[in-house]
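Me: I'd like to learn how to read the features of this model with you. Could we start with the ligand site and then turn to the helices?

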Amino acid sequence: MNVQLNQDSQVENFHTDSFRFDVLEGLKSHPKKLSSKYFYDKTGDHLFQRIMAMPDYYLTKCELDIFKNKTADLARLITPDNEPFDLIELGAGDAMKSTFLLKYLVEKGIDFTYMPIDISGNILSILHEKLSNELPNLKITKLEGEYFEMLQKAATLSSRRKVILFLGSNIGNMSLEEAESFCRALNQNLASDDVVLIGFDMKKNPHTILNAYNDKEGITAAFNLNLLTRINTELDANFNLQQFQHYQTYDPVSGACKSFLVSLTEQNINIGNDCISFKENELIDMEISQKFSEEKIKELGEKSGFRMIGEIKDSKKWFVDTVWQV
Ligand code: AVI
């Protein structure tokens with residue numbers, strides 16, 4: 001018991017140390033930067049749920065349209081011969097979209113094991129319980145941890161062909177260089193014939209994109225500002241949220257949709273024993289949500305060593321799930 005408690009607090013210290021390191025490194029660099037991967041504490045998760053429910057945030061609805069209404073096409077792409085395989089989902093969360101595919105595959109009697117990967121053991125337990133109730137015949141192996149470590153673990157657990165899902169335009173939260181090295185690492189961690197299915201948000205009318213990230217209710221603003229609250233609570237800092245303002249941009253040429261926080265005044269912020277100075281109107285670069293052209297997706301796949309085998313778009317053609325083979 002004491003050993004377990006000790007191990008848990010060591011893991012927690014490790015997380016806080018790397019959070020503190022990343023925050024200080026980002027805020028000491030020019031321009032100042034924070035990583036959007038830290039948006040998702042309990043409040044951040046809740047705010048993201050509210051974002052997904054906003055009428056203007058089309059991404060979730062579009063990919064849901066694909067998983068709900070084009071399930072047979074998806075299944076045909078990822079398992080053309082219906083041979084046994086493992087279906088691995090990176091950052092599975094509540095698997096809201098993939099559940100439609102799981103249900104279809106179970107009903108077809110296809111032999112597969114669903115392996116959701118998530119950093120949160122709690123989320124995986126909730127998902128396991130939900131899926132066991134909804135689909136009692138589904139075989140599930142939970143993988144708790146970092147993506148690449150868990151992909152390696154999955155390879156030791158079974159030698160069956162792997163299909164990897166990376167949905168929701170999560171790839172858009174990486175810079176193009178990061179996305180390329182991520183896809184290359186994916187390619188190198190898979191065996192030949194394995195496939196990946198990646199959800200990309202496509203370039204479209206720039207107003208449609210900006211409206212999805214610049215809501216008048218201020219939910220996206222709160223989502224960004226919550227990271228400052230998180231730093232206050234977890235790293236003993238004193239950000240005054242009234243002194244920072246959310247600013248959203250979309251560049252239709254590069255496809256980069258970016259969010260910033262603007263310091264409304266010259267101010268000094270203490271973070272533990274460190275002090276960070278802000279000039280009036282100085283920015284913190286918070287998040288990129290990259291939008292893609294067909295050509296960019298093709299280029300990304302090829303540069304990272306994949307062969308494109310198919311793609312499925314939603315009915316508006318705003319979002320695409322692309323399938324690449326190693
Ligand atoms: C999780 N990710 C794909 C979302 C996006 O669209 O980039 C996060 C988000 N940021 C603001 N709104 C939604």
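Reply: Gladly. This is a predicted model, in which local features need pLDDT of at least 70 and side-chain atom pairs count only at pLDDT 80 or more, while totals for chains, interfaces and linings use all residues. Residues are numbered from 1 along each chain as its sequence is written, and side-chain values use heavy atoms, with hydrogens and water left out.

Me: Which of the 14 residues around the ligand come nearest?

Reply: A residue is near a molecule if one of its heavy atoms lies within 4 Å of it. Here Tyr 57, Asn 173, Tyr 213, Glu 287 and Ser 289 come nearest.

Me: How far is a polar side-chain atom of Glu 287 from a nitrogen atom of the ligand?

Reply: A polar contact is a pair of N or O atoms within 3.5 Å; within protein, one must be able to donate a hydrogen and the other to accept it, and residues adjacent in sequence count only if both atoms are side-chain atoms. For Glu 287 the distance is 2.7 Å. Ser 289 places a polar side-chain atom 2.6 Å from an oxygen atom of the ligand, and an N or O atom in the side chain of Tyr 213 is 2.5 Å from a ligand oxygen.

Me: What are the axes of helix 3 and helix 5 doing where they cross?

Reply: Axes are lines fitted to C-alpha atoms, for helices over the stretch in contact, and angles run from 0 to 180 degrees between N-to-C directions. Angles under 35 degrees count as roughly parallel, over 145 as roughly antiparallel, 65 to 115 as roughly perpendicular and the rest as oblique. The axes of helix 3 (residues 59-69) and helix 5 (residues 98-107) come within 8 Å and cross at roughly 5 degrees, so the two helices are roughly parallel to each other. Leu 64, Phe 67 and Lys 68 of helix 3 make the contact (heavy atoms within 4.5 Å) with Ser 98, Phe 100 and Leu 101 of helix 5.

Me: And at what angle do helix 4 and helix 5 cross?

Reply: Helix 4 (residues 71-78) and helix 5 have axes that come within 10 Å and cross at roughly 75 degrees, which makes helix 4 roughly perpendicular to helix 5.

Definitions and conventions: Helix = DSSP H or I, 4+ residues; strand = E, 2+ residues; numbered from the N terminus.
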